[in-house]
Amino acid sequence: MLSIYNTLTKSKEVFKPLDGNKVRMYVCGMTVYDYCHLGHGRSMVAFDLVTRWLRFSGYELTYVRNITDIDDKIINRARENGESFDALTARMIDAMHEDEARLNILKPDMEPRATDHIPGMHAMIQTLIDKGYAYAPGNGDVYYRVGKFQGYGKLSRKKIEDLRIGARIEVDESKEDPLDFVLWKGVKPGEPSWESPWGAGRPGWHIECSVMSTCCLGETFDIHGGGSDLEFPHHENEIAQSEAATGKTYANAWLHCGMIRINGEKMSKSLNNFFTIRDVLEKYHPEVVRYLLVSSHYRSAINYSEDSLRESKAALERFYHALKGLPVAEAAGGEAFVERFSTAMNDDFGTPEACAVLFEMVREINRLRESDVTAAAGLAARLKQLASVLGVLQLEADDFLRAGAEGRVDAAEVEALIQARLAARAAKDWAESDRIRDQITAMGVLLEDGKGGTTWRLAD
């Protein structure tokens with residue numbers, strides 16, 4: 001039985017879908033003004049993991065992840081580049097999809113874009129005005145009355161009186177209260193805009209997710225997710241808007257993933273301490289990066305370092321060495337491993353414990369391959385089946401172990417040297433055999449002699 005940590009209640013709860021076996025999940029996606037950094041990758045992989053486990057467990061999941069394709073950052077970057085905002089966002093969305101594919105991230109079922117939901121935003125804003133939760137001061141802006149919503153702060157545990165300390169109203173704002181937030185922004189010169197009942201303008205950040213989520217999943221859905229940095233104010237404001245507009249619970253459970261940290265600080269573009277996903281993938285195999293992201297619990301922070309990536313690479317090499325050379329087989333055996341893996345994953349998606357189970361399977365595979373290759377192959381297939389939940393170990397072993405060989409060594413030359421060495425060994429010319437091995441080693445290649453013959457991989 002699956003239990004998840006609900007940020008709203010600050011406790012683990014048994015997961016019970018609203019509608020039988022069907023699960024509806026909304027996750028806040030990217031603001032597409034630049035290439036995705038590894039912190040974005042952390043969120044994408046975390047909820048890809050949730051998606052995979054829910055489906056592996058038999059739930060019928062509808063997964064929605066939005067795209068923010070209009071905001072201040074997008075407008076400013078497009079202006080800097082001398083291009084239209086929609087040309088910029090189109091390029092960045094394509095780049096994001098390329099990064100996701102390389103990290104083996106499944107596509108969401110729906111990927112709504114903010115600019116496609118402007119009419120829905122107008123409708124929700126008007127509802128909030130009609131109910132007294134929002135007001136239009138007459139300058140083209142529309143604001144939400146935070147103080148009117150009785151449940152404000154229930155997600156983040158922040159109190160309105162504490163938030164008011166030090167809060168102020170900017171000169172160009174017409175707020176009744178410094179805590180009020182913008183739902184609709186009046187047009188400014190040179191900015192993209194849409195017509196609205198309150199004048200030309202564009203949506204505020206928070207309203208878009210309330211509208212896209214309820215449009216795609218209904219007024220109440222099972223899971224809302226995102227990075228822990230979104231808990232306040234973004235998700236708090238989503239709750240306030242949505243529940244004031246509908247009078248219903250917005251999302252039953254809230255999941256927040258931890259951040260990537262550099263030297264103790266959150267990886268972010270504003271701090272200029274980020275690495276783009278594509279920068280990291282220039283140096284490390286995508287599966288190494290993915291394993292780094294899934295081997296830690298989704299709610300924990302990950303401290304990014306070269307050492308942590310090297311450790312992930314070493315872990316995957318251990319897995320692939322266990323799989324290497326075994327015949328293709330159907331998953332068989334290992335029921336106790338499956339049960340323990342499932343127990344770990346059902347405990348709030350406990351990947352560290354799940355990975356520990358996979359390593360125990362490796363030890364058993366290595367033990368079996370010396371005495372019962374058929375049993376070893378069946379357990380290896382079971383290992384790959386479970387690892388698919390983490391999105392790893394789905395490559396051919398040699399493909400992973402030789403990754404990066406292109407441009408560093410000539411594979412055909414290595415294979416020819418291996419054949420020459422085998423011929424020397426067959427002729428009992430040990431000196432020639434040793435000379436060839438030394439030549440291959442000098443190329444940065446490690447040979448591995450086994451029952452199935454000689455294979456090779458790149459040295460670290």
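Which histidine has a side chain that makes a polar contact with the side chain of histidine 256, and at what distance?

Analyst: It is histidine 235, and the two side chains are 2.8 Å apart. A polar contact is a pair of N or O atoms within 3.5 Å; within protein, one atom must be able to donate a hydrogen and the other to accept it, and residues adjacent in sequence count only if both atoms are side-chain atoms. The model is predicted, so local features need pLDDT of at least 70 and side-chain atom pairs count only at pLDDT 80 or more, whereas totals for chains, interfaces and linings use all residues. Residues are numbered from 1 along each chain as its sequence is written, and side-chain values use heavy atoms, with hydrogens and water left out.

Histidine 256 belongs to strand 10 (residues 251-257); strands here are DSSP runs of E with at least two residues, helices are runs of H or I with at least four, and both are numbered from the N terminus. With a relative accessible area of 5%, histidine 256 is buried (under 20%; exposed is over 50% and partly exposed in between, using a 1.4 Å probe and protein chains only). The side chain of threonine 7 is also a polar partner of the histidine 256 side chain, at 2.8 Å. Once neighbours within four places in sequence are set aside, the residues in contact with histidine 256 are Thr7, Leu155, Gly226, Gly227, Ser228, Glu231, His235, Tyr298 and Arg299, where contact means heavy atoms within 4.5 Å.

Phenylalanine 349 is in contact with Tyr298, and its other contacts outside four places in sequence include Leu2, Ile4, Trp53 and Leu255. Phe349 and Tyr144 have the most contacts inside the largest nonpolar core, which has 126 residues. Such a core is a set of buried Ala, Val, Leu, Ile, Met, Phe, Trp, Tyr and Cys residues joined through side-chain atoms within 4.5 Å. Domain 1 (3-257) and domain 2 (262-402) each supply at least three residues to this core. A second core is separate and has nine residues, among them Leu417, Ile418, Ile440 and Val445. The domain assignment, which comes from an automatic or database source, also gives domain 3 (411-458). The C-alpha centres of domain 1 and domain 3 are 58 Å apart.

Tyrosine 144 stands opposite phenylalanine 181 in strand 7, and strand 6 (residues 142-144) is joined to strand 7 by three bridges in an antiparallel arrangement. Two strands pair if DSSP finds at least two bridges between them. The sheet is open, with four strands in the order 5-6-7-8 and antiparallel pairing. Strand 5 (134-135) and strand 8 are at its edges with a single partner strand each, so one side of each has no neighbour in the sheet. Elsewhere, strand 1 (residues 3-6) and strand 2 (residues 11-14) pair antiparallel over four bridges, with tyrosine 5 opposite lysine 12. These two strands form a hairpin with four residues between them, and lysine 10 in the turn has a positive phi of about 55°.

Glutamate 191 meets arginine 202 at 3.2 Å, N to O. Glutamate 191 is in the loop between strand 7 (181-186) and strand 8 (201-203) and arginine 202 is in strand 8, so the pair ties together parts 11 residues apart in sequence. Glutamate 191 is buried at 18%, as is arginine 202 at 4%. Salt bridges with shared partners join Asp72, Lys185, Glu191 and Arg202 into one network.

The structure holds 30 salt bridges. In one of them, aspartate 109 and arginine 55 meet at 2.7 Å, N to O. Aspartate 109 lies in the loop between helix 3 (85-102) and helix 4 (118-130), and arginine 55 in helix 1 (residues 38-56), 54 residues apart. Aspartate 109 is partly exposed at 43%, and arginine 55 is partly exposed at 32%.

Conventions:
Salt bridge = Lys/Arg side-chain N within 4 Å of Asp/Glu carboxyl O.
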